[in-house]
Amino acid sequence: MKKNLSSLITAVRLCAALALPVCVVAQNSGAQNQKVKHHHYKLIVVEPLGGPNSSLSGPSAQILNNGGTFAAYANTATPNPNANCAIPFNANANGGDCFVEHPVLWHKGRLTDLELLPSGKNGQTDWLAGSGLVAGWSENGLLDATGLPVGRAALWMKDGKITDLGAVPGGTQSLATAVNDRGEVVGFSDNDIPDAFSMAGVANQTRAFLWKNGEIRDLGTLGGPDAIAFYVNERGQVAGQSYTNSTPSQAFGVPTQDPFFWEKGKMVDIGTLGGTQGSPNWMNNRGQVVGYSTEVTDQNSHAFLWDKEGGLKDLGFLPGGTYGTASWINDAGEIVGGSDSSNGFHAVLWKNGVILDLGYLAGDCSSFATSINSQGQIVGNGSLDCNNEAHALLFENGGAPIDLNTLVSPGSGVTFLNPFNINDRGEIAGFGMLTNGDSRAVLLIPCDQDHPDIEGCDYDTVEAVTQAPVRSAQITAAQAAASAGKLSPIEMMRRRYHRFGKP
């Protein structure tokens, strides 16, 4: 199930000797400290509805559109009546807290608590279209055969009214993962056929669906019992993941899982890079799909790009790397994600056959890029311990990574940890943390000429001090000593960023 994701060229080394058409940009450190004029950001906090937390779907989900609307979900003060605080199809909601949560929308200073299905207690937003349509799920007040609350795929119209999208024939539970501007919704549903390897973790088979004009359609599979649809673009093309057989692999203990591309009634197997597990992490409006795939030994995952013309391509690694994943592709074909290297896991940009090392801040041991907009602005996160987000990063104009927290006026009480989306206006959505450990969905609005007269915005520029980023050609004795006797940064990043794949 879906879990609760700028060019820096100083020298180009041609990679003619490689079997794959990938070039690696070898970058030096440059100046140690630079002061760059930058605008401030206004930090918007989505406050809970009386409970301890607010959060959002992601990172591989669109929860911010170009109109500045932000989709999230928030705790109420009501204890969650569900057994073991489990929420349908979402065992990781808000870290497993035990409070009822509601889907919410923020727009121009107003927070709207979205309607739930009749008698439903919990719900979440999963996707926000540019038109304002919202996809997600809501409980409906009923229990399934196992006694768990029933969650149904839901579509919220622009007036906030909710539609129950139903389930495939024989099904009870369902969840909507994405919606396009035309109101075409995709997601997954169970049916009434028992399945020991259900992708959604329920008792029966998991089936990918497309909902359109009031009708729900089972999209089929690649030969196995289960499939999940994750993305639908403005052309109505769908990307997801499917079992190709019913035989558990030795590596993962479940049947082989391949990414798929669906169009006009036909499901195409994107394939893998030799292994038994692969999944899409994003699809753009040109039908290009990026994600991760294991290689023949199933020991490492590689970032991939697929389209109908070129087929499946391994995007390659930084020097010394063996593992990578692609998290986002914009409509220009620019791809971001991460790659391990000789000195840890790095945020990267793949562009025109070149892999660009975006680096990480001095003092960190890793970084990851989650999203890129049409202007080439990239956001991601940096980590101090190679396991937990420590700060949100911005990469733009060929410069070093900037800690976004340094561009926000102090006093919010929230540390911005991980940006999930950056829209074409430069607005950034993600999550942060209070000092007591409670989570908050947050939005950053640039205080620039494109956002005039924003109340509370500081329109004076700020000198953002950027340290030279650590990149793959650099490794220090201190880093080597710090890694002695514990898991390497590469191994910790491998374990951490497998969660960006699905399921």
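Is Cys365 buried or exposed? Cys365 is buried, with a relative accessible area of 14%; "buried" means under 20% relative accessible area, "exposed" means over 50%, and "partly exposed" is in between (1.4 Å probe, protein chains only). What you're looking at is a predicted model, where local features need pLDDT of at least 70 and side-chain atom pairs count only at pLDDT 80 or more, while totals for chains, interfaces and linings use all residues. Residues are numbered from 1 along each chain as its sequence is written, and side-chain values use heavy atoms, with hydrogens and water left out.

**The whole chain**

- The protein chain's secondary structure comes to two helices and 36 strands; these are DSSP runs numbered from the N terminus, with helices (H or I) of at least four residues and strands (E) of at least two.
- Of the 503 residues in the protein chain, 60% are buried.

**Disulfides**

- The structure has two disulfides, a disulfide being a pair of cysteine sulfur atoms within 2.5 Å.
- One of them is formed by Cys365 and Cys386, whose sulfur atoms are 1.8 Å apart.
- That pair links distant parts of the chain, 21 residues apart: Cys365 sits in the loop between strand S28 (354–359) and strand S29 (366–372), and Cys386 in the loop between strand S30 (378–383) and strand S31 (389–395).
- Cys447 and Cys457 each lie in the loop between strand S35 (439–446) and strand S36 (462–467), so the pair ties together parts that are 10 residues apart in sequence.
- Cys447 counts as buried at 4% relative accessibility, and Cys457 counts as buried at 14%.

**The largest pocket**

- The largest pocket holds about 620 Å³ of space. On a 1 Å grid over the protein atoms alone, a pocket is an open set of points with protein on both sides within 12 Å along at least five of seven lines, whereas a cavity is a set of points where a 1.4 Å probe fits but cannot get out; lining residues have an atom within 4 Å of a point.
- Which residues are closest to the centre of the largest pocket? Out of 31 lining residues, they are Gln62, Asn66, Trp282, Asn285 and Asp331.
- Strand S17 (227–232), strand S21 (274–283), strand S25 (324–329), S29 and strand S33 (414–422) are the elements that give two or more residues to this lining.
- Sorted by class, the lining has 13 nonpolar, 14 polar and four charged residues. Here Ala, Val, Leu, Ile, Met, Phe, Trp, Tyr, Cys and Pro count as nonpolar, Asp, Glu, Lys and Arg as charged, and the others, Gly among them, as polar.

**Some buried residues**

- Asp340 belongs to strand S26 (residues 335–341), and at 0% relative accessibility Asp340 counts as buried.
- The Asp340 side chain reaches two backbone nitrogens: that of Thr322 at 2.7 Å and that of Tyr323 at 2.9 Å.
- Ala153, in strand S11 (residues 149–156), is buried with a relative accessible area of 0%.
- From C-alpha to C-alpha, Ala153 and Trp137 are 4.5 Å apart in space, though 16 residues apart in sequence.
- Asp195 is in the loop between strand S14 (185–194) and strand S15 (204–212), and Asp195 is buried, with a relative accessible area of 10%.

- Most residues other than glycine have a negative phi, and most peptide bonds are trans.
- The peptide bond from Gly58 to Pro59 is cis, with omega near 5°, and Pro59 lies in the loop between strand S5 (50–55) and strand S6 (70–79).
- Lys108 isn't a glycine, yet its phi is positive, near 50°. You'll find Lys108 in the loop between strand S7 (99–107) and strand S8 (110–113), where Lys108 is exposed, with a relative accessible area of 74%.
- Asn213 has a positive phi too, near 50°; Asn213 lies in the loop between S15 and strand S16 (215–218), and counts as exposed at 68% relative accessibility.

Technical notes
Points joined across faces, edges and corners; volume = space filled by probe spheres on them. Polar contact = N/O pair within 3.5 Å; in protein donor to acceptor, adjacent residues only side chain to side chain.
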